[in-house]
Amino acid sequence: MISIMFVCHGNICRSPMAEFIMKDMVKKKGIANKFNISSKGISNEEEGNGIHRGTKDILIKNNIPYNINKRSSKLDINDYYKYDYFIVMDSYNLRGINYIFNDIDNKVYKLLDFANINRDIDDPWYTGDFESTYKDVSLGCSKLLEYLIRKCNLI
């Protein structure tokens, strides 16, 4: 079982978007049973809140199923021992995750690194541009999945 934790600031926009996009991708490939996929935030600012309306709308627009009961939660030290990959959305999340745990096993990556793109995924909470964020997250998830399929001989 490959365990992936997607991480953003508050766990209401980008990381749940990535969680549900990736769950949809592995389901369509017929390998969902080989994955444990979740998301959390580095901050507790949104803890307990549901997915942002803009994220819900873009997932619906792109026919990506999501859990309407998903609530924001904060990453903690115990998560480090439960997951194989921690996929962050930007450099700020990368720095923030280092305050929560020390990545001694090299489990933390930026999502767009898998697409060989050296930039952050913009936070639509600030930009309001959920479409661009969706495109970046989808591309990153697609390339991450390709990497994992090759690395783990999944198909």
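## Exercises on a predicted fold

D136 counts as buried, because its relative accessibility is 12% and buried means under 20% relative accessible area, exposed over 50%, partly exposed in between (1.4 Å probe, protein chains only).

A quick word on the ground rules. This is a predicted model, where local features need pLDDT of at least 70 and side-chain atom pairs count only at pLDDT 80 or more, while totals for chains, interfaces and linings use all residues. Residues are numbered from 1 along each chain as its sequence is written, and side-chain values use heavy atoms, with hydrogens and water left out.

**Exercise 1. Find the element that holds D136, then list what D136 touches.**

Step 1: Look in helix α5, where D136 lies. Helices (H or I, at least four residues) and strands (E, at least two) are DSSP runs, numbered from the N terminus.

Step 2: Skip residues up to four places away in sequence, and D136 touches L112, R119 and I121. Touching, or contact, means heavy atoms within 4.5 Å.

Step 3: Zoom in on R119, whose side chain is joined to that of D136 by a polar contact of 2.9 Å. A polar contact is a pair of N or O atoms within 3.5 Å; within protein, one must be able to donate a hydrogen and the other to accept it, and residues adjacent in sequence count only if both atoms are side-chain atoms.

**Exercise 2. Work out how α1 and α5 cross and which residues make the contact.**

Step 1: Take helix α1 (residues 14-28) and helix α5 (residues 130-152): their axes come within 9 Å and cross at roughly 45°. That angle makes α1 oblique to α5. Angles under 35 degrees count as roughly parallel, over 145 as roughly antiparallel, 65 to 115 as roughly perpendicular and the rest as oblique. Axes here are lines fitted to C-alpha atoms, for helices over the stretch in contact, and angles run from 0 to 180 degrees between N-to-C directions.

Step 2: Check the hand: α1 passes α5 in a right-handed crossing. A crossing is left-handed if the near helix is turned anticlockwise from the far one by less than a right angle, and right-handed if clockwise.

Step 3: Collect the residues. From α1 come R14, M17, A18, I21, M22, M25 and V26, and from α5 come F130, T133, Y134, V137, S138, C141, S142, L144 and L145.

Step 4: Sort them, and you get 12 nonpolar, 3 polar and 1 charged. Ala, Val, Leu, Ile, Met, Phe, Trp, Tyr, Cys and Pro count as nonpolar, Asp, Glu, Lys and Arg as charged, and the others, Gly among them, as polar.

**Exercise 3. Now do the packing of α1 and α2.**

Step 1: Helix α2 (residues 53-61) packs with α1 at about 20°, the axes being 10 Å apart. So α1 is roughly parallel to α2.

Step 2: This crossing is right-handed.

Step 3: M17, F20 and I21 of α1 meet T55, I58 and L59 of α2. By class, that's 5 nonpolar, 1 polar and no charged residues.

**Exercise 4. Is N11 buried or exposed, and which side chains make polar contacts with the side chain of N11?**

Step 1: Go to the loop between β1 (2-8) and α1 for N11.

Step 2: N11 is buried, because its relative accessible area is 1%.

Step 3: The N11 side chain makes polar contacts with the side chains of S15 (2.8 Å) and S39 (3.0 Å).

Step 4: Beyond four places in sequence, N11 touches P16, S39, K40, G41, K70, R71, S72 and S73.
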